[in-house]
Amino acid sequence: MSLQDDNKAAVGRWFTDFCGKACDLSVVDEIAAADMLLKFSLHEPRKGHEDIKGFMTDFRAAFPDLNFWGTADLIAEGDYVVGQWEGGGTHSGPAFKDFLSGALPANTGRKMRFTGTTILRIKDGKILEEIGLDDGVTALTQLGILRAA
């Protein structure tokens with residue numbers, strides 16, 4: 001397999017096993033660099049295994065049915081892989097204060113479903129960073145944090 005194929009395989013596993021419905025946190029230790037950077041427009045940047053796992057644990061506690069899935073073939077060039085995705089869930093858990101633009105009280109029952117594009121950088125089989133741009137306006141509007149004018 002080529003470098004690009006290996007990198008796409010790692011990202012595919014990240015999307016399926018870590019970001020997907022099952023959320024296997026051990027994947028972080030296996031394929032993420034120790035100082036990996038995770039950065040999306042809705043949340044503060046996260047860095048390192050424990051911070052990334054803690055973020056996902058809290059996110060999934062607040063949204064127990066949270067799920068993300070790819071919506072297009074991955075594109076790879078050198079150390080970079082680009083993926084498109086869709087995801088969402090229902091806020092049926094504890095309060096969630098991690099959104100940059102506001103917080104949710106416990107168990108609002110609100111649903112969010114939104115899309116995004118992510119660029120991941122990989123070196124020697126380890127994900128160094130995942131930088132994503134998501135449709136945060138849609139998610140935050142659905143959750144009632146943002147209101148239409």
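The largest cavity in this predicted model has a volume of about 250 Å³. A cavity here is a set of points, on a 1 Å grid over the protein atoms alone, where a 1.4 Å probe fits but cannot get out, and lining residues have an atom within 4 Å of a point. Grid points are joined across faces, edges and corners, and a volume is the space filled by probe spheres set on the points. Of the 19 residues that line the largest cavity, C19, F40, F68, W85 and E130 are the closest to its centre. By class, this lining holds 14 nonpolar, three polar and two charged residues, where Ala, Val, Leu, Ile, Met, Phe, Trp, Tyr, Cys and Pro count as nonpolar, Asp, Glu, Lys and Arg as charged, and the others, Gly among them, as polar. At least two lining residues come from each of helix 1 (3-18), strand 1 (32-40), helix 3 (49-62), strand 3 (67-70), strand 6 (111-123) and strand 7 (126-134); helices (H or I, at least four residues) and strands (E, at least two) are DSSP runs, numbered from the N terminus.

The count comes to two cavities of 30 Å³ or more. About 40 Å³ of space lies in the second largest cavity, whose lining is formed by L38, K39, F40, H43, E44, R46 and F55. Strand 1 gives the largest share of that lining, three residues. Here the classes divide into three nonpolar, one polar and three charged residues.

Next comes the packing of side chains. In soluble globular proteins, nonpolar side chains tend to be buried together. Leaving out residues up to four places away in sequence, F59 touches H43, L66, F68, F96, F99 and M112, with contact meaning heavy atoms within 4.5 Å.

Helix 3 has 14 residues and reaches 20 Å from its first C-alpha to its last, close to the expected 20 Å, which is 1.5 Å times one less than its number of residues. Its buried residues are H49, I52, K53, F55, M56, F59, R60 and A62; buried means under 20% relative accessible area, exposed over 50%, and partly exposed in between (1.4 Å probe, protein chains only).

Some single residues are also worth a look. T90, in strand 5, is buried because its relative accessible area is 12%. Beyond residues up to four places away in sequence, T90 touches A62, F63, P64, D65, G109, R110 and K111. T16 is found in helix 1 and counts as exposed because its relative accessibility is 53%.

Most residues other than glycine have a negative phi. C23, in the loop between helix 1 and helix 2, has a positive phi near 50°, and C23 counts as buried because its relative accessibility is 15%. D124, in the loop between strand 6 and strand 7, has a positive phi of about 55°, and D124 counts as exposed because its relative accessibility is 74%.

Residues are numbered from 1 along each chain as its sequence is written. Local features need pLDDT of at least 70 and side-chain atom pairs count only at pLDDT 80 or more, while totals for chains, interfaces and linings use all residues; side-chain values use heavy atoms, with hydrogens and water left out.

Note on methods: On a 1 Å grid over the protein atoms alone, a cavity is a set of points where a 1.4 Å probe fits but cannot get out, and a pocket is an open set with protein on both sides within 12 Å along at least five of seven lines; lining residues have an atom within 4 Å of a point.
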